[in-house]
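Visitor: Could you take me through this structure slowly, and tell me what stands behind the words used for it?

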Amino acid sequence: MAARIDVDAVVVGAGHHGLVAAAILADAGWDVLVLEAQDEIGGAVRSTLLCPGFVADRFSSFHPLAVASPVLRALELQAHGLRWAHAPVVLAHPLGEHAAVLHRDPERTAAGLAAMHPRDGDTWLALVRRWERIEEPLLQTLFAAFPPVRGPAGLLRRVGTPEALRIARFAALPATRMVRELFDGEPARMLLLGNAAHGDAPPVAPVSGALGWLLAMLGQRHGFPAPVGGAGRLAAALRRRAETAGAQIRTGERVERVVVRAGRAVGVRTATGLTVRARRAVVADVSAPALFGRLLPPDAVPARLRDDLRRFEWDGPTVKIDWALDGPIPWRSPGVAGAGTVHLCGGADGDDHRAGHSADHSADHSAEHRLVRWSADLETGRLPREPFVLLGQMTTTDPGRSPAGTECAWAYSHLPPGRTGAADADELARRIVATVEAHAPGFGDLIRHQAVRGPAELEAADANLVGGAVNGGTAQLHQQLLFRPVPGLGRAETPVAHLFLASASAHPGGGVHGVCGQLAARAALAEHGGLGAARRALRSAAMRHLFRDTPARP
């Protein structure tokens with residue numbers, strides 16, 4: 001006989017957003033059950049034993065958004081075992097024998113940039129001062145349900161309308177334009193450009209400059225920390241926090257259907273035959289296409305929403321390599337050795353960084369042009385000859401990750417959209433290794449163990465990483481804010497009453513920050529608060545208006 005459980009809320013998925021939602025709902029006194037398809041919790045925040053003595057992060061590793069997030073800070077995860085580790089250097093971008101280096105001390109970062117291009121140090125410090133002035137209202141804006149009110153109002157009060165307009169123009173710039181307006185030299189330019197690429201934004205796309213600046217300033221202000229002992233320790237702390245509040249968590253329970261009656265989500269059914277009745281809410285930490293295209297009955301999804309989802313864009317397919325190394329990576333540039341995060345672009349023969357030389361943007365070998373060419377290859381479906389590579393030195397960051405004298409490291413890059421097959425993944429992995437070798441001759445001789453995971457393996461380990469997409473959907477402007485996941489939503493609420501989207505497919509999107517889970521939990525609580533009936537009526541009217549027409553296909 002199939003089992004049945006009654007709860008106030010069921011959370012589908014024990015990724016970090018689902019665990020955040022569970023903790024907040026349980027804090028409010030709700031009876032909460034979390035169902036996870038995998039045999040372990042964490043989603044894309046997990047770690048594993050790569051080989052004896054080497055602890056590798058399976059997906060995310062460095063978490064600047066987590067330490068900056070007011071949501072995760074409010075959960076006080078340190079009381080549940082979470083500790084952070086910092087590398088001696090936040091980030092480095094090798095440029096031949098030299099490197100652009102981001103330190104946690106802004107003065108040290110600026111001094112390094114000024115040593116090669118004197119004006120760039122002062123410009124960097126001016127960017128830091130701007131960030132320090134607006135960080136709080138800006139993050140409040142980005143992390144609020146759409147449309148945000150308090151954040152923009154606070155920003156206007158803090159800087160005034162004239163400066164706010166200039167900040168808006170600055171934020172709209174493509175990264176390539178932004179760095180040319182700001183800096184003389186390639187090192188400072190690559191700190192922003194590399195972070196824009198790190199954040200899934202083509203460097204020529206509008207708003208990509210703001211994304212690069214955001215990540216660079218988060219690193220400057222908070223560092224790029226990693227959980228001591230592995231990313232899984234962050235998920236474990238979230239689990240303990242949720243269970244301490246009273247939530248229950250079951251793994252190995254794959255939800256196959258969200259049950260809808262009279263336009264309202266009333267529970268879920270799992271592959272094992274379990275039926276969970278949800279008296280108040282179903283919170284879905286799953287991708288938007290999975291929720292609206294697979295888990296919900298077809299007649300519960302408005303035709304216009306189904307049509308909008310045809311245009312949903314995933315971020316690029318990912319190929320990730322984990323390494324157990326017999327020693328530290330032998331970088332040509334000594335400034336890279338202490339960096340937790342390393343950005344690599346093409347070979348190591350760039351020379352535009354030398355003192356007294358402005359970046360020559362017509363030079364085909366410049367790091368900036370290599371990055372733009374890499375992005376163009378992806379956009380036009382070509383496998384990049386010189387990939388942009390993100391690399392993490394985990395033992396450098398957290399010495400307990402591997403035996404003394406060794407290094408546990410990883411690197412990843414992206415395939416063109418639609419090219420997710422094993423042959424392309426293997427070839428990109430070969431080019432990733434060649435890129436590291438070009439910047440660190442002798443790297444290959446240090447490899448004790450190597451594990452390559454392409455798009456298929458990543459998706460098999462976490463169903464939300466569709467086709468190896470690690471961001472829950474592109475972070476470009478056309479799928480952010482009120483366009484995420486489709487035009488008109490921008491919030492956790494859905495057209496189905498009592499159903500809330502809590503994954504990175506929802507606003508504000510990718511990254512380990514917990515905001516998607518918090519917004520879903522707060523929306524569920526609000527629908528059952530003192531003005532709950534009025535909110536439900538307003539939400540229902542808004543959803544009918546947004547999705548009332550059956551679209552004519554273009």
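Guide: Let us begin with an open site in this predicted model: the lining of the second largest pocket divides into 14 nonpolar, four polar and eight charged residues.

Visitor: Which residues lie nearest the centre of the second largest pocket, and how many line it?

Guide: The lining has 26 residues, and Gln140, Phe143, Ala144, Ala145 and Arg522 are those nearest the centre of the pocket. The space in this second largest pocket comes to about 690 Å³.

Visitor: Which element gives the most to that lining?

Guide: That is α17, with five residues, while α3 (70-74), α5, α6 and α17 (515-527) each supply at least two.

Visitor: Why is α5 called oblique to α6?

Guide: The axes of helix α5 (residues 118-142) and helix α6 (residues 150-172) cross at roughly 130 degrees and come within 9 Å. Angles over 145 degrees count as roughly antiparallel and those from 65 to 115 as roughly perpendicular, and the crossing at roughly 130 degrees therefore makes α5 oblique to α6.

Visitor: Which hand does that crossing have, and which residues make the contact?

Guide: The crossing of α5 with α6 is left-handed. Among the residues in contact are Leu127, Arg130, Ile134 and Gln140 of α5, together with Gly151, Leu155, Arg158 and Phe170 of α6. By class, this contact has eight nonpolar, four polar and six charged residues.

Visitor: What is the angle at which helix α1 packs with α17, and how far apart are their axes?

Guide: Helix α1 (residues 16-27) and α17 pack at about 35 degrees, and their axes are 7 Å apart; the crossing is right-handed. On the α1 side the contact is made by His17, Val20, Ala21, Ile24 and Leu25, and on the α17 side by Val515, Cys516, Gly517, Gln518, Ala521, Ala524 and Leu525.

Notes
Residues numbered from 1 in each chain as written. Predicted model: local features only at pLDDT ≥ 70, side-chain atom pairs only at ≥ 80, totals over all residues. Heavy atoms only, no water. Axes fitted to C-alpha atoms, helices over the stretch in contact; angles between N-to-C directions. Helix = DSSP H or I, 4+ residues; strand = E, 2+ residues; numbered from the N terminus. Parallel < 35°, antiparallel > 145°, perpendicular 65-115°, else oblique. Left-handed = near helix turned anticlockwise from the far one by under 90°. Contact = heavy atoms within 4.5 Å. Nonpolar A, V, L, I, M, F, W, Y, C, P; charged D, E, K, R; others polar. 1 Å grid on protein atoms, 1.4 Å probe; cavity = no way out; pocket = protein on both sides within 12 Å on 5 of 7 lines; lining within 4 Å. Points joined across faces, edges and corners; volume = space filled by probe spheres on them.
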